[in-house]
Amino acid sequence: MKNRSIKSFVKPYLWLALIAPLCMVGEVLADLKQPNYMNTILKEGVAKGDIDTILAIALRMGITLIIGVACGVLCTVFASMASQRFANDLRVALYSKVMQLSLAETDDFSTGSLVTRITNDINTLQEFMNMLLRMFVRSPLMFLGGVILCIQIDSRYAIIIALALPIQLMIMFLIVRRANPMFKDVQKKLDKVNSVVQEDVSGARVIKAYVKEEYENERFDNANKNLRDTNIRVLNLMSLMGPFMMIIMNIAIIAIIYINRNTLDINVSADIMTAITYITQILMSLNMFGMMFQQVSRALACASRVREVLNCPLSIESSAEKSEDAESGSGASVTFENVCFRYPNTSGNPVLSEISLDIRPGEFVAIVGSTGVGKTSLLNLIPRFYDPFEGKVLLNGRDVRDYDLEDLRNRMGIVLQKSELFAGSIADNIRFGKEDATDEEIRKAAEIAQATEFIDSFLEGFETPVSEKGASLSGGQKQRLSIARALVRKPSVLIMDDATSALDLATEARLLQGIHREMKDTTLIMVAQRIAGIRHADRIAVLENGRISAFAPHDELMKNSQCYREIYDSQLKGGAYLAE
Ligand code: M5T
Ligand code: MG
């Protein structure tokens with residue numbers, strides 16, 4: 001994959017990005033012309049009582065105002081279009097990159113940081129671009145024009161610049177206060193985007209295992225579009241506020257001077273008013289400039305964080321070849337040849353050393369060992385969540401690194417140690433394992449997984465909604481749904497990582513019998529803490545200090561493996577439940 005710079009995301013919208021500042025020049029010129037017209041109205045019209053001149057200049061003023069407002073609105077529209085689209089593209093690109101990341105990289109970045117990069121950081125970049133397009137031209141032009149025109153009237157007015165500052169702050173405060181509730185809505189949409197991201201990024205293992213990257217990308221795209229549209233709407237609304245403020249201010253000044261026209265020297269007050277308007281503009285532009293510089297450093301930091309993820313090399317990449325013998329249902333052999341493994345960016349002893357295992361098609365193999373010994377790590381190597389640094393893992397005699405990644409994972413049903421479910425119905429969650437599963441297949445999988453007993457007790461059955469991350473279900477219920485999700489795809493290899501820990505022994509026994517009866521050919525590799533459930537396994541591997549210390553059926557291990565006997569004894573003493 002080739003690296004992409006952030007600049008390359010601006011390119012498609014370059015014409016929008018160039019039109020926006022051009023429109024801004026129009027708005028600034030119109031804004032600068034307004035006080036000049038006011039001056040003429042007062043001196044030539046009001047002072048001389050010449051209604052015709054007042055009307056004629058007022059008409060010109062109105063036209064200039066309309067042109068200015070139009071230019072301003074256009075500038076805002078183009079600037080928001082350019083920045084929103086740029087950000088939208090960047091978000092989608094960054095997001096699909098995050099979906100592609102191998103677990104080694106996700107661990108490295110940490111999920112929270114990835115979420116912030118996709119949402120907050122890109123948002124900052126988008127705001128910065130918007131600001132740049134609108135203010136970069138406006139601020140200096142307005143400032144210079146204002147100062148020149150103001151001092152042209154009377155050089156003493158320069159003092160007024162300093163005096164006008166408090167008025168300026170007040171206006172700013174009112175604008176910000178009015179804008180706040182509107183931006184709340186945008187924030188809500190941003191939260192939506194965030195929560196989709198949170199769920200998907202933290203559920204990355206399941207999405208990978210079931211090859212759902214495409215589907216989740218689409219879900220994200222929709223939430224993102226919502227955000228973009230709301231943003232454009234709010235920004236368009238905001239663009240009307242400037243002109244409104246101007247009109248009200250000017251009318252008020254004319255009104256005051258008109259009422260006092262007999263007692264006031266119109267010429268002097270006209271100049272004062274014009275100068276005040278210019279000073280306001282000068283101060284406004286100063287303010288914008290300050291804000292802009294504040295944004296530059298923030299944007300630079302965000303840009304480098306986004307680039308880091310976007311161009312991060314993948315440690316696990318799919319081999320281009322698609323293998324032809326993809327036949328689900330019939331078991332596959334799984335072989336570990338002298339495998340050594342250590343988590344990336346860790347030092348010290350390897351987690352697994354010299355692991356050699358030969359698991360036959362259709363065999364039921366259990367893996368036992370004390371907690372933290374590396375059982376999960378061992379299973380992680382089969383679907384290539386990580387790659388070993390020495391030795392190889394083979395599926396059907398072929399190195400897993402030679403398989404197309406999607407194809408490899410599609411042959412497996414994986415039940416992770418921690419059940420991850422998604423918002424949706426129970427049926428949706430099981431269907432995650434097989435997109436085109438029929439209702440019968442879903443029910444069948446749920447039956448084998450011993451899940452129907454609780455599903456049928458729900459009023460809505462399979463249509464019962466599951467809340468985010470499966471929070472509305474018990475641990476055992478979540479586990480059984482995760483098992484059903486793996487079973488529904490009728491995998492060649494079924495991998496269960498302590499997936500029955502929350503089930504009672506009787507339920508666990510029924511589940512294993514069901515798998516044995518209905519999926520005879522499937523190779524079952526199961527990590528378990530309790531010997532009771534796996535004593536009937538064809539063979540049991542005992543993991544000790546990252547090595548396989550024994551690999552044999554239960555009866556043989558009882559005779560030959562001290563470690564196995566110790567585990568057995570401890571459980572027997574604990575509850576005496578092994579007696580059948
Ligand atoms: C084995 C370390 C962990 C432990 C060893 C998942 C993971 C584990 N480890 C990491 O450094 N990074 C990781 O991402 O590896 O861990 P395990 O394979 O999870 O052990 P287990 O499955 O046998 O344990 P348990 O508790 O599930 O029975 O030292 O720190
Ligand atoms: Mg584990």
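Which residues form one aromatic cluster? I looked this up first. Tyr210, Phe422 and Phe432 form it. I keep in mind that the model is predicted.

**Entry: aromatic pairs**

I counted the aromatic pairs next. The count comes to 7. I then took up the pair Phe422 and Phe432. Their ring centres are 4.9 Å apart, and their planes stand at 15 degrees. Planes under 30 degrees apart count as stacked, so I noted this pair as stacked.

Where do Phe422 and Phe432 lie? I found Phe422 in the loop between strand 6 and strand 7. Phe432 is in the loop between helix 13 (426–431) and helix 14 (439–448). The pair therefore ties together parts that are 10 residues apart in sequence.

I turned to Phe454 and Phe458. Their ring centres are 5.9 Å apart, with the planes at 75 degrees. Over 60 degrees counts as edge-to-face, so this pair is edge-to-face. Phe454 is buried, at 6% relative accessibility. Phe458 is partly exposed, with a relative accessible area of 23%.

**Entry: the magnesium ion**

Which residues coordinate the magnesium ion, ligand 2? I found Thr376, through OG1, and Gln417, through OE1. The distances run from 1.8 to 2.3 Å. The pair links distant parts of the chain, 41 residues apart. Thr376 sits in helix 11 (residues 375–380). Gln417 sits in the loop between strand 6 (412–415) and strand 7 (424–425).

Thr376 is partly exposed, with a relative accessible area of 28%. Gln417 is also partly exposed, at 40%.

**Entry: ligand 1**

I listed what surrounds ligand 1. The residues are Tyr343, Val351, Thr371, Gly372, Val373, Gly374, Lys375, Thr376, Ser377, Gln417 and Gln529.

Which side chains did I find in polar contact with oxygen atoms of ligand 1? Thr371 has a polar side-chain atom 2.6 Å from an oxygen atom of ligand 1. For Thr376, a side-chain N or O atom is 2.6 Å from a ligand oxygen. For Ser377, the corresponding distance is 2.5 Å.

On its own, ligand 1 has 620 Å² of accessible area. The protein covers 65% of that.

Conventions
Residues numbered from 1 in each chain as written. Chains lettered and ligands numbered in written order. Predicted model: local features only at pLDDT ≥ 70, side-chain atom pairs only at ≥ 80, totals over all residues. Heavy atoms only, no water. Donors = N, O, S within 2.8 Å, 3.2 Å for Na, K, Ca; no water. Helix = DSSP H or I, 4+ residues; strand = E, 2+ residues; numbered from the N terminus. Buried < 20%, exposed > 50% of the residue type's maximum accessible area, 1.4 Å probe, protein only. Near = heavy atom within 4 Å. Polar contact = N/O pair within 3.5 Å; in protein donor to acceptor, adjacent residues only side chain to side chain. Areas by Shrake-Rupley, 256 points an atom, 1.4 Å probe, with all protein chains shown as cover. Phe/Tyr/Trp six-rings, centres within 6.5 Å; stacked < 30°, edge-to-face > 60°.
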